[in-house]
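Me: Hi! I have a structure open and would like to talk through a few spots in it. Could you help me out?

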Amino acid sequence: MIRDVHPDRVRRLNDAPQRLGAVVYWMSRDQRMDDNWALLFAREKAEKAQVPLQVVFCLVPSFEGACLRQYDFMLQGLEETWNRAQQMGIPLDIRAGTPEDVVPAFVRDLDAGCVVTDFDPLRSKQAWKQGVLQALDIPFYEVDAHNIIPAWRVSDKQEYAARTIRPKIQKLLAEFLEPFPAWEKLHVSEEPNTPPDWGVLRNGLDVDVSVAPVIGIIPGYTAGMDRMYAFMADGLDRYDQSSRDPNVHGLSRLSPWLHFGQIAAQRVALEAVRSRQTEGQQNFLEQMIIRRELTDNFCLHNPYYDSIKGLPAWGRATLDKHRLDVRDYVYSRKDLEDGVTHDPLWNAAQGEMVTTGTMHGYMRMYWAKKILEWSKTPEDAMATAIYLNDRYEFDGRDPSGYVGVLWSMGGLHDRPWKERAVFGTVRYMTAAGCRRKFDVEKYISDNR
Ligand code: FO1
């Protein structure tokens with residue numbers, strides 16, 4: 001008998017009476033069968049009621065500018081998840097359509113007794129969830145399967161910075177950074193369902209195929225876990241050095257698998273905590289736990305998470321004050337997308353993103369700050385950075401991406417620095433500053 005999921009990881013979204021019938025887990029953000037608190041909670045409900053457990057994933061034809069690159073990664077990951085579900089005796093249906101249509105129909109077909117879904121602070125998921133909630137007359141639960149500490153438990157408001165959320169998280173780690181229970185088969189399970197027709201599902205997509213999949217980045221739970229173990233064995237120790245040097249490939253580079261929920265951040269944190277105590281390990285845990293959960297906190301509590309309006313007052317005020325400053329260079333979105341600016345370092349970062357679907361964390365800051373410097377207005381700059389990030393990065397459309405852009409352009413979670421043109425008191429970065437930190441020529445030649 002596995003222990004119950006920590007009740008604080010679960011939020012009940014309505015007070016409809018429980019009916020006898022299958023438990024449905026509507027999988028969305030956390031697209032894995034292992035290390036998944038939402039699935040474990042759904043299992044708990046099914047076991048207690050002695051009813052079957054069924055999982056459904058709603059495949060939407062397009063999602064906020066995602067291209068073939070991101071959908072291919074996601075669908076290959078879902079194929080592995082489907083196979084894993086079969087192994088576990090849990091039917092997983094991949095259904096084309098929007099959740100507001102698919103989930104209520106699925107629930108009716110099964111005459112289900114309750115629905116569980118995973119937590120996601122972004123407005124598209126919130127809208128889906130509201131749509132499904134309106135259509136259900138059975139209990140509907142939301143489980144935070146993405147964060148170690150449930151976002152609603154960490155804080156009930158938007159936190160100001162890492163230094164304000166850190167003590168709140170650290171106080172709760174002992175309670176929530178717990179190992180995942182091993183999976184135990186359910187007493188009542190369904191006969192395995194037939195595999196989805198992946199070809200039909202792919203043909204139903206409405207995505208820009210010009211942003212192609214990236215060779216060498218292997219999707220799926222297994223590849224994500226392999227990447228994680230490889231990083232723990234060789235990378236974690238020098239993480240602090242590599243976080244300042246894009247030439248040192250020591251970063252975890254786990255963001256594609258984390259974004260699609262193909263692996264669990266909690267699993268990564270548990271492995272990192274077990275590793276040798278080093279400077280790199282501490283820095284990595286700061287990124288993996290504190291900084292990442294700060295991004296969900298921001299998107300949960302600030303509806304303007306992808307806009308200048310989401311910035312702290314001092315950031316908005318300083319950008320306004322310098323709105324009319326002369327820009328030494330102004331580039332169109334196309335120029336930036338094509339990486340044809342006067343700055344070879346910036347062009348190399350853009351090239352890395354277009355070619356590999358990822359960009360080193362340090363370069364992401366430089367990349368976004370220069371877009372602010374070379375755009376007509378802060379609004380143009382932010383829209384361009386989010387557009388390019390969502391179009392080319394594997395981990396676009398993610399709280400960490402939005403926070404990264406707002407930190408870089410408007411000082412979100414940061415503090416005022418020495419005032420200068422265009423940036424005002426938003427922290428400034430220069431190519432010269434990069435040269436002092438790492439071999440810029442090497443980065444440029446590697447990403448030409
Ligand atoms: N979530 C879904 O439930 N269904 C989808 O078809 C879907 C497509 C998709 C494509 C690109 C992408 O970056 C995310 C996508 N998501 C989809 C959302 C994802 O599950 C996360 O919830 C969000 O990215 C927010 O974290």
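This is a predicted model: local features need pLDDT of at least 70, side-chain atom pairs count only at pLDDT 80 or more; totals for chains, interfaces and linings use all residues.

Me: Is Asp35 buried or exposed?

Reply: Asp35 counts as buried, because its relative accessibility is 9%.

Me: And what is phi for Asp35?

Reply: Phi of Asp35 is near 55°, which is a positive value in a residue other than glycine. For background, most residues other than glycine have a negative phi.

Me: What about Gln50, what is its phi?

Reply: Gln50 is not a glycine either, and its phi is positive at about 55°. Gln50 belongs to the loop between α1 and β3 (53-59). Its relative accessible area is 46%, so Gln50 is partly exposed.

Me: Which side chain does Asp30 make a polar contact with?

Reply: The partner is Arg32, and the polar contact between the two side chains is 3.0 Å.

Me: Which residues does Asp30 touch beyond four places away in sequence?

Reply: Leaving out residues up to four places away, Asp30 touches Tyr25, Asn36, Asp118, Phe119, Ala145, His146, Phe260 and Gly261.

Me: New topic: Leu78. Which helix is it in?

Reply: Leu78 is found in helix α2 (residues 68-87). With a relative accessibility of 0%, Leu78 counts as buried. Setting aside neighbours within four places in sequence, Leu78 is in contact with Gln31, Phe57, Ile94 and Trp198.

Me: How many Å apart are Leu78 and Tyr443 in space?

Reply: They are 34 Å apart, C-alpha to C-alpha, and 365 residues apart in sequence.

Me: Let's zoom out. What does the domain assignment give for the chain?

Reply: The assignment gives domain 1 (1-145), domain 2 (147-180 + 220-301) and domain 3 (308-446).

Me: How many residues of domain 1 are in contact with domain 3?

Reply: 11 residues of domain 1 are in contact with 13 residues of domain 3. The C-alpha centres of domain 1 and domain 3 are 36 Å apart. Between these two domains the buried area is about 890 Å², with 57% of it from carbon and sulfur atoms.

Me: Which three residues supply 55% of the area that domain 1 buries there?

Reply: Arg69, Gln70 and Leu122 supply that 55% of what domain 1 buries against domain 3, more than any other three residues.

Me: Last one, helix α16. How many of its residues are buried?

Reply: 10 of the 13 residues of α16 are buried, so the helix is largely enclosed by the rest of the structure. Among the buried ones are Tyr362, Met363, Tyr366 and Trp367, along with Lys369, Lys370 and Glu373.

Me: What distance does α16 reach from its first C-alpha to its last?

Reply: Helix α16 (residues 361-373) reaches 19 Å, close to the 18 Å expected at 1.5 Å a residue.

Definitions and conventions:
Residues are numbered from 1 along each chain as its sequence is written. Side-chain values use heavy atoms; hydrogens and water are left out. A polar contact is a pair of N or O atoms within 3.5 Å; within protein, one must be able to donate a hydrogen and the other to accept it, and residues adjacent in sequence count only if both atoms are side-chain atoms. Contact means heavy atoms within 4.5 Å. Helices (H or I, at least four residues) and strands (E, at least two) are DSSP runs, numbered from the N terminus. The expected span of a helix is 1.5 Å times one less than its number of residues. Buried means under 20% relative accessible area, exposed over 50%, partly exposed in between (1.4 Å probe, protein chains only). Domain bounds come from an automatic or database domain assignment. Buried area is the accessible area (1.4 Å probe) that two parts lose on being put together, summed over both.
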